[in-house]
Amino acid sequence: MSGHPPTDLPDPFVRFRHGDLRCTVVSDGVLRMGPAHVNFPTADRAEVEALLSEHYLPADEVRLNENVLVVETGGLLVQFDTGVGTDPALGRGFFGPGTGHLVPNMRAAGIDPADIDVVAITHTHPDHVWGLVDADGRPVYPNATVAVSRADFDHWTDLSRVADAPDQHMADHYTGAHKALMPYAEAGRIAWADDGTTVAPGITAIATPGHSPGHLIYRIDSGSIDTGAEPIVVWGDLCHHQVLLLQRPDWAFQFDHDKPAATAQRRRVYDLVHSTRSAVLAYHFPFPGLGHLRRDGDGYAWLPIELDPHRSSRRPSPGRCAMTRRRVDVHAHFVPECYRQALAAAGIDHPDGIVATPGWSEESALATMDRLDVETAVLSISSPGVHFGDDSAAADLARAVNEEAAAIRARHPGRFGSFASLPLPDVDAAVRELRHALDVLGADGVIVLTNHAGLYLGDERLEPVYAELAARSGVLFLHPTTAHLGEHLGLGYPRPMLEFMFDTTRSVTDLILSGVLDRHPELRIVVPHAGAVLPVLANRIELLLPLLTRPGGTAPDIRATLRQLHFDLAGAPVPELLSVLLGVADAARIHYGSDFPFTPADATVALAERLDGALRADPQLHAAIDAGNAYALLPRLAPEVATSREGHR
């Protein structure tokens, strides 16, 4: 019921999905505002108390929740307002112990304030910006840009106004805003927002001056009309009370800066929200403050949205939170039982010199994906592939693992993609399986090892495979394996440690110099492990190419070809190798990869955290590598496609 009062201890957070958006509402606590007639000074006291009584609400004390929304959009984490903070001289010290809980509640939800990219401010009143800094004046969101209106910033950070403030509380409005905002301004982390400003992908500011000189609301578009999800309007202090100011829009709130303008804006926005059937995130309504408006006489009634329990959660995810960033993992493996049995039957107990084939299950994969904040993992069979010497058995095994991958995708819509295995070096069988996997099973591409019994990627015998895949503008995912006749090159160490990198470099160089991409520019080729040693050796290869070119011929353009290739970052030491890769590759063709389960779950988490640290200074590149580039490479996995295909999970 809309009239139920907020409790003293609201739930600390709740998650939900809204269209393509992943959202979390986190509570900063509850403000105790005193008697209702004091808070609504232009209203008739008897009418105020009658309305509250009708809705089973007390008149002796108005309680206002502080509901802070965090949204992932376009690979960025955007937070709306910050609560009152914990400064004992301001913040919690003024508003009482029921407030100032935002940061611990964010951490309980698994959201690190350091991961917030944008803090979108509705206005600079105490309960909306004082939480930008801690008690010592240090930024709570060290990597965030603060979007705020220039009018509000200039008014409330102007310390010359303190002397004219009517009381200490209003004087604190100015000193508190100055203390909260100036560290960001001095660091160059303020972005001015005005009517129509896009503060992040899909998030638009709308000017609503009245309650404060530069008050803003924000419209969040859900991203996909196929989901039927309406926009969300984050309206800050446009409306403070779920009954009084909705039923009586012309009443003023005690802290409205310009009371006639504030009431006019309320009516304008109410009508806009109702006519567009938008959802609302109401900062001060009962937690979590998400609902719709229904016209009720001359005003409106509040209709809370009942969150689908299958789409919402009050439980933090293990390890990294599902709200930090959404990733697509293009380098993930699976070990179905049919494949494990085939390895055992072939006597392959220590593939490529590793101790044993790692365990894998759908449950362990999903749990690791949640720790890594991976929305979709593209599964493939790792080395040694599916061909153990018998052509017929290899064709059967390829079909079995590809059909199992399709079944896994069907059991977990949107969570998995797959690259199909081919029974190479049997080229004819490989072409048949490629057609079946892509045209019938709906695989996202195919995986080919760096060599198949000595058949390297530049070998002309692979031409039918390349031609068939190129006709579909298909994705060719490469994976290292033991060098042909090179079992002893690793000096007794597992080949993935060193030899995988060298065989990748050898085979991709062969692919480039043999002109595969010149003949088939439609191919989209993904090179694993940040290109192995190839980015480091590119200069040397380029230097020696003239020696390999016939008189009068033209040496291949190694650098132009490298920019045509895609690269994943599975197992890559960052930032060291990433900086080298960015020197030779197209940044729009670099992708996240985990290599799970051949890289254990804890190690994948550590590597992901290192990648986050290396990319923190460039949020756009971060978002692109995490997911955006993969959606361009594999558009079937993009949210607007995945959501329309699977509905709400």
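Predicted model: local features only at pLDDT ≥ 70, side-chain atom pairs only at ≥ 80, totals over all residues.

User: How much of the protein counts as buried?

Analyst: Of its 649 residues, 58% count as buried. The protein has 22 helices and 24 strands, these being DSSP runs numbered from the N terminus (helices H or I with at least four residues, strands E with at least two).

User: With which residue does the side chain of Glu362 meet in a salt bridge?

Analyst: The general idea is that side chains of opposite charge can pair when their charged atoms come close. A salt bridge is counted when a side-chain nitrogen of Lys or Arg lies within 4 Å of a carboxyl oxygen of Asp or Glu. For Glu362 the partner is Arg411, with 2.6 Å from N to O. This pair links distant parts of the chain, as Glu362 belongs to helix α11 and Arg411 to helix α12, 49 residues apart. Elsewhere, salt bridges that share partners join Arg17, Arg22, Asp373 and Glu375 into one network.

User: How many salt bridges are there in the whole structure, and what is the distance between the closest N and O atoms of Asp373 and Arg22?

Analyst: A search of the whole structure finds 32 salt bridges. In the one between Asp373 and Arg22, the closest N and O atoms are 2.8 Å apart. These two residues are 351 apart in the chain and link distant parts of it: Asp373 sits in the loop between α11 (362-372) and β16, whereas Arg22 is in strand β2 (residues 21-32).

User: How should I read the salt bridge of Arg150 and Asp154, and how far along the helix are the two residues from each other?

Analyst: In this salt bridge the N to O distance is 3.2 Å. Arg150 and Asp154 are four residues apart in helix α6 (residues 150-156), so about one helical turn separates them. Arg150 is partly exposed at 44% relative accessible area, and Asp154 is also partly exposed, at 39%.

User: Turning to the rings, how many aromatic pairs does the structure hold?

Analyst: A pair of aromatic rings is described by the distance of the centres and the angle of the planes. The structure holds twelve aromatic pairs. Rings of Phe, Tyr and Trp (its six-membered ring) pair if their centres lie within 6.5 Å, and planes under 30 degrees apart count as stacked, over 60 as edge-to-face and the rest as tilted. Tyr339 and Phe388 form a tilted pair, because their ring centres are 6.5 Å apart and their planes meet at 45°. Tyr339 lies in helix α10 (residues 337-345) and Phe388 in the loop between β16 (374-380) and α12 (391-411), so that distant parts of the chain, 49 residues apart, are linked.

User: Are Tyr339 and Phe388 buried or exposed, and which residues form an aromatic cluster?

Analyst: Tyr339 counts as buried at 4% relative accessibility, whereas Phe388 is partly exposed, with a relative accessible area of 31%. One aromatic cluster is formed by Trp235, Tyr270, Phe285, Tyr300 and Trp302.

User: Finally, how many bridges join β5 to β6, and which residue stands opposite Val146 in β7?

Analyst: Two strands pair if DSSP finds at least two bridges between them. Strand β5 (residues 118-120) runs parallel to strand β6 (residues 145-148), and three bridges join them; among these strands' residues, Val118 has Thr145 in β6 as its bridge partner. On β6, pairing in the parallel sense over three bridges also involves strand β7 (residues 190-192), where Val146 stands opposite Ile190.

How values were computed. Residues numbered from 1 in each chain as written. Heavy atoms only, no water. Buried < 20%, exposed > 50% of the residue type's maximum accessible area, 1.4 Å probe, protein only.
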